[in-house]
Amino acid sequence: MRSCDVLIVGGGPAGSSAAWKLKAAGVDVLVLDRERFPRVKLCAGWVTPEVVQELQIDLATYPHRLLTFPRLRMQFGRVRVPVRCVQHSIRRFEFDAWLLQRSGAPVEQHNVRHINPAAGGGYLIDDEYHCRYLIGAGGTRCPVYRELFRDLNPRASERQIVTLEHEIEYDWRDADCHLWFFENGLPGYSWYVPKEHGWLNVGVGALAERMKRRGQDIRAHWAHLATKLNGTLAPGARYEPTGYSYYLRGRVEVVRRDDAFITGDAAGLATRDLGEGIGPAVRSGLRAAQTILDGTPYRLGDASGLSVGSIARSMLARRARAARPAARPTGTNGGVAAHGLRDRDQ
Ligand SMILES: Cc1cc2nc3c(=O)[nH]c(=O)nc-3n(C[C@H](O)[C@H](O)[C@H](O)COP(=O)(O)OP(=O)(O)OC[C@H]3O[C@@H](n4cnc5c(N)ncnc54)[C@H](O)[C@@H]3O)c2cc1C
């Protein structure tokens, strides 16, 4: 039986962030992941400046592909909204493996199936591992969520997003990030996210239940996107999209049960409308670690993060300030500074 103080199930951004903080404090921590890293993770790989800051990543020395895209181009029907921004794209294949290695925590490849309270305290995992604290960072299908939290914290089906995406090597010409909302009645958006040195991620994501109610199939939306890109931004690109689903944040009732925690997608924390999940995963991982270190209550904080709402609010606030230069700043439009987004119509 392998014993440790803290066992983390899942080595994605939530798990590696928790491991990084705990390991830095000298805690005996072990990460289990069913995959060997580097592993493929379906994700557009859009990373906000807050994530970079919270994880103390030095962009100049980050050893893999990282693109800071100069502009975000959103389109709502015929309305185009270009936004100057400081946002980044990475390849999850590289980013996750680098974060996990940087954490310094030992990692074992193990597919976690069963979790039980141990007789003398703590948790038994598959009768092979024992730990005092357990962090569930296993993504949407996290076994810690399934075994210890699902009954207390059922996931709301109306918050489930389904996606289809493909990341390909492609010599793109347009370094802007493009998002198309609600095209052909899609209850979501599709994207074009360029990566450094000729990689490109394209995809479609939408609320599963609404699509079902409208009798829609995400594959039809994918076909529409591929045709559009072929005629515009990515001629000749060939795709083999893969699907995945995760949950937007709703009311998250219980995220700690005794000495077990759930973080990131295991708790269903992605931001509403843009589905940013890396930031909430990192933040919840760091907070779970902090709770273990000093007893700070494990709270997820508000549901802030990257969203169309935060972008729109920051643009409106900026315009209002420009129209009334003498007005006293409200200091409440955290989205502008927090997300590094600056609007500029062009
Ligand atoms: C198509 C798509 C595009 C997205 N684009 C973005 C984006 O651009 N920006 C953004 O911020 N968010 C995006 N997201 C959301 C983001 O990918 C997730 O929110 C984020 O990865 C959550 O991190 P996590 O650490 O909680 O889980 P994950 O990254 O899913 O990591 C979970 C880990 O747990 C492991 N695991 C699972 N089950 C077990 C088990 N039984 N035993 C052991 N290990 C296990 C897995 O192998 C995995 O390594 C996107 C999601 C999708 C599907």
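Modeller: Helices here are DSSP runs of H or I with at least four residues, strands are DSSP runs of E with at least two, and both are numbered from the N terminus. With that in hand, Ser16 has its place in helix H1. The model is predicted, so local features need pLDDT of at least 70 and side-chain atom pairs count only at pLDDT 80 or more, while totals for chains, interfaces and linings use all residues. Residues are numbered from 1 along each chain as its sequence is written.

Colleague: How many strands does the protein chain have?

Modeller: Let's count both kinds of element. Ten helices turn up in the protein chain, and the strands number 17.

Colleague: Back to Ser16: is it buried or exposed?

Modeller: We count other C-beta atoms (placed from the backbone) within 10 Å: 20 or more is buried, 12 or fewer is exposed, and in between is partly exposed. Ser16 has 32 of them, so this residue is buried.

Colleague: And what share of the residues in the protein chain is buried?

Modeller: Take the protein chain as a whole, with its 346 residues. The buried share comes to 44%.

Colleague: What covers the buried residues of helix H3?

Modeller: H3 runs over residues 92-103. Its buried residues are Arg92, Phe95, Asp96, Ala97, Leu99, Leu100 and Ser103. The cover includes S2, strand S5 (79-90), strand S6 (107-109) and, where Ser16 sits, H1.

Colleague: Which residue just after H3 takes a positive phi?

Modeller: Step off the end of H3. There, with phi of about 80°, comes Gly104.

Colleague: What joins strand S10 to strand S13, and how many are there?

Modeller: Strands pair if DSSP finds at least two bridges between them. S10 (residues 160-169) and S13 (residues 199-207) run antiparallel. In S13, Leu164 has Val204 as its bridge partner, and Glu169 has Trp199. What joins the two strands is bridges, and the count is nine.

Colleague: Which strand does S10 join through six bridges?

Modeller: This pair also runs antiparallel. Look at Gln160, which stands opposite Tyr247. The partner strand, residues 242-247, is S14.

Colleague: How many residues of S13 are buried?

Modeller: Check both faces of S13. On one side Trp199, Asn201, Gly203, Gly205 and Leu207 are buried, and on the other Leu200, Val202, Val204 and Ala206 are too. S13 is mostly covered, and of its nine residues the buried ones number nine.

Colleague: Which residue in the turn between S12 and S13 has a positive phi?

Modeller: S12 (residues 188-195) and S13 run antiparallel and are joined by eight bridges; for instance, Tyr189 stands opposite Gly205. The two strands form a hairpin with three residues between them. The turn residue with phi of about 55° is exposed, with 11 other C-beta atoms within 10 Å, and its name is His197.

Colleague: Where is the place of Asp126?

Modeller: Asp126 has a positive phi too, near 50°, and isn't a glycine. With 14 C-beta neighbours inside 10 Å, Asp126 counts as partly exposed. Its place is in the loop between strand S8 (123-125) and strand S9 (129-136).

Colleague: Which residues does a cis peptide bond join?

Modeller: Head for the loop between S2 and strand S3 (46-47), where Pro38 lies. With omega about 0°, the cis bond joins Phe37 and Pro38.

Colleague: How many residues surround the ligand?

Modeller: A residue is near a molecule or strand if its C-beta atom, placed from the backbone, lies within 6 Å of it. The closest to the ligand are Gly10, Gly12, Gly139, Gly264 and Gly277. Elements giving two or more residues to this shell include H1, S10, S13 and S14. The number of residues around the ligand is 41.

How values were computed:
Expected span 1.5 Å × (residues − 1). Contact = placed C-beta atoms within 7 Å.
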